[in-house]
2 protein chains.
Amino acid sequence: MIQPVCWTDGTLELLDQTLLPVSEKWLQLTTWEEVAEAIRRLAVRGAPAIGIAAGYALVLAVWGVDERKEADSAFSEASHGLAAARPTAVNLFWALKRLEGVWRDYAEESVDAARGALLIEARRIHAEDVEGNKTIGRHGAELLPTGSSVLTICNTGGLATGGYGTALGVVRSAWAEGKLNRAFLCETRPLLQGSRLNAWELLQEGIPFRVLVDGAAGALLSRGEVKAVLVGADRIAANGDTANKIGTYSLGCLADRHGVPLYVVAPLSTVDRDTPTGQEIPIEERGYEEILAPLGRQAAPEGSEAWNPAFDVTPAELIAAIVTERGVLRPPYEQAIAAAMA
Amino acid sequence: MIQPVCWTDGTLELLDQTLLPVSEKWLQLTTWEEVAEAIRRLAVRGAPAIGIAAGYALVLAVWGVDERKEADSAFSEASHGLAAARPTAVNLFWALKRLEGVWRDYAEESVDAARGALLIEARRIHAEDVEGNKTIGRHGAELLPTGSSVLTICNTGGLATGGYGTALGVVRSAWAEGKLNRAFLCETRPLLQGSRLNAWELLQEGIPFRVLVDGAAGALLSRGEVKAVLVGADRIAANGDTANKIGTYSLGCLADRHGVPLYVVAPLSTVDRDTPTGQEIPIEERGYEEILAPLGRQAAPEGSEAWNPAFDVTPAELIAAIVTERGVLRPPYEQAIAAAMA
């Protein structure tokens, strides 16, 4: 199983996803600032994986700090710093909140005890994610007719999570159950997570796939071979509106037009009940160069401008179901989400 | 004005579009085989520009050949060879047919006279295209409300035509008339004609633009700023169905959903009345490497497969109008096309 985040005794090891598949380089990080930087520059990415990395980063923040006041202030500084790394994926804030709760619970204990409890909680977030993904995979595979081909966007596999995947986890499960014909992978510009990362994962497991340019999704869906569009989520609002990789909204519109269901596949940690609708989800805009210079090679002439939102919002009415570790949620999502989280 | 195709006394000069905007290299071609190869590898691309280049290539085929039988056979070989260069853009076949008509008309004359007549016809095709484009530009600009932003795909400018452009010609005309706010350019994977070529053209004329990834079109259209989607055409069937750059069909679906008109902008030479509907248009599939290795740099791991149709077909019902040099055609297109071509 691909495990992009590994904790070993005071060091967080991250597989640098910006370099895949050309080179497999592991980063050895020992400070929370290094982890925040890795999140910002997408060395670790994917909403669940960001949450997991942020949990361990808070452990690093108090690693080797034994004085309580000093540790409190280091913890709080790290928590603020990590929260500022990326704005859209809510799992980041969710993980920080879980560790903040533990830190508060241990306010009267020794720093050593508190740190131990933090590490247990960070490991638990990690393990829960992997377990949850496998359950999600089974639930999702049940939705697919035998002999299905599916269409995905971005990387939602082991690299984006604790180690199994959300939408790509469903692909894995469907393949294991003999239900999958083939996965079509949107290459997912600007950063090509589809062709770089999904292809890398699927090739290792011998799951058949084809990469297509994002613009070809409409033509592909019109052919009738694709039976479901499977996407991950960076944040799901209380009403089911979902922020995900730029291009997901286009897929939602195209799937709807062709009568193909679009399934959002995500752990419940991606749901943000404090955000009522998709309109309130902050959308990160990134630099021009990701668009104008693919893979670092200049395409557009100097002086060109770009529009580079990293995410878009797919409204609930375009989502046939949300597949979670607690089952398949159907509209109306407000109620289904509340019931699943109860 | 950008003139990507220039004839000078036995040499066809082509601006190599595969290298733009990084380098501006002119190819000096003296045989029809070189022109066919330039068409195949997209050194010259864009349906009208391909037609123009093919016309001159037939002149090259009989350049310096003075014996009638030899010239006839050279002409016929070149005509077949050029027709095999790319299958979708109909302007290629249309230009070949025009020159074949001239060659037949001069069957009883000296080869020298026939060659002179060919060159006149090739130049006429070229000049007609430039003139036609300007008329198209004016017709198209009339469709846009003042203060419009528009969305385009692929390069449909001077580089794709005799020298002014179809969809990008409308952008030029609208800008000249003070009606344009800004052009949004789909980068147009796999070959990035939007970010490489459209940006290069618009930057030279100071027309404001932003490049976006193709997947972002849905998110952009949902914002309401874009008042029209302008696309070119590689072949328009008798019923108005239009083959154009892969991604155009997705734009058609997305424009329809958001109540934004999609206009096909093309000279009548792009209409193929022998093709009844879009279903009969042959769609070129190109190699995996264009997708798996953007700008020649490997993205996907070795062994990955891709699906790479160069074009898709937008059905007539998604096309608000076809803007031609003989005016703006509205549905039903069968009749409108017949009237315009009468």
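**Note on selected residues, helices and domains**

1. B:Ser250 sits in helix H9 (residues 248-257) of chain B; helices (H or I, at least four residues) and strands (E, at least two) are DSSP runs, numbered from the N terminus. B:Ser250 is buried, its relative accessible area being 5%; buried means under 20% relative accessible area, exposed over 50%, and partly exposed in between (1.4 Å probe, protein chains only). Its side chain reaches the backbone nitrogen of A:Gly218 at 3.0 Å. Leaving aside neighbours within four places in sequence, B:Ser250 is in contact with A:Gly215, A:Ala217, A:Gly218, A:Leu254 and B:Asp312, where contact means heavy atoms within 4.5 Å.

2. On the source: this is a predicted model, in which local features need pLDDT of at least 70 and side-chain atom pairs count only at pLDDT 80 or more, while totals for chains, interfaces and linings use all residues. Residues are numbered from 1 along each chain as its sequence is written, chains are lettered from A and ligands numbered from 1 in the order in which they are written, and side-chain values use heavy atoms, with hydrogens and water left out.

3. A:Thr248 belongs to helix H9 (residues 248-257) of chain A. With a relative accessible area of 1%, A:Thr248 is buried. The side chains of A:Thr248 and A:Asn244 are joined by a polar contact of 2.9 Å. A polar contact is a pair of N or O atoms within 3.5 Å; within protein, one must be able to donate a hydrogen and the other to accept it, and residues adjacent in sequence count only if both atoms are side-chain atoms. The A:Thr248 side chain also reaches the backbone oxygen of A:Lys245 at 2.7 Å. Not counting residues up to four places away in sequence, A:Thr248 touches A:Ile153, A:Val231, A:Asp312 and A:Thr314.

4. How do helices H1 and H3 of chain A cross? The axes of H1 (residues 32-40) and H3 (residues 68-83) come within 9 Å and cross at roughly 10 degrees, which makes H1(A) roughly parallel to H3(A). Axes are lines fitted to C-alpha atoms, for helices over the stretch in contact, and angles run from 0 to 180 degrees between N-to-C directions. Angles under 35 degrees count as roughly parallel, over 145 as roughly antiparallel, 65 to 115 as roughly perpendicular and the rest as oblique. H1(A) contributes A:Trp32, A:Ala36 and A:Ile39 to the contact, and H3(A) contributes A:Glu77, A:Ala78, A:Gly81 and A:Leu82.

5. Chain A is divided into domain 1 (5-133) and domain 2 (137-341); the bounds come from an automatic or database domain assignment. Taken over C-alpha atoms, the centres of these two domains are separated by 25 Å. Their contact takes 29 residues from domain 1 and 34 residues from domain 2.

6. Two residues of chain B lie in the loop between S4 and H6: B:Thr166 and B:Cys154. B:Thr166 is buried at 5% relative accessibility, and B:Cys154 is buried with a relative accessible area of 7%. B:Cys154 has a positive phi of about 60 degrees although it is not a glycine.

7. Cis peptide bonds in chain B deserve a check. One joins B:Arg189 and B:Pro190, with omega about 10 degrees. Another runs from B:Pro331 to B:Pro332, with omega near -5 degrees. B:Pro190 lies in the loop between strand S5 (180-186) and helix H7 (193-205).
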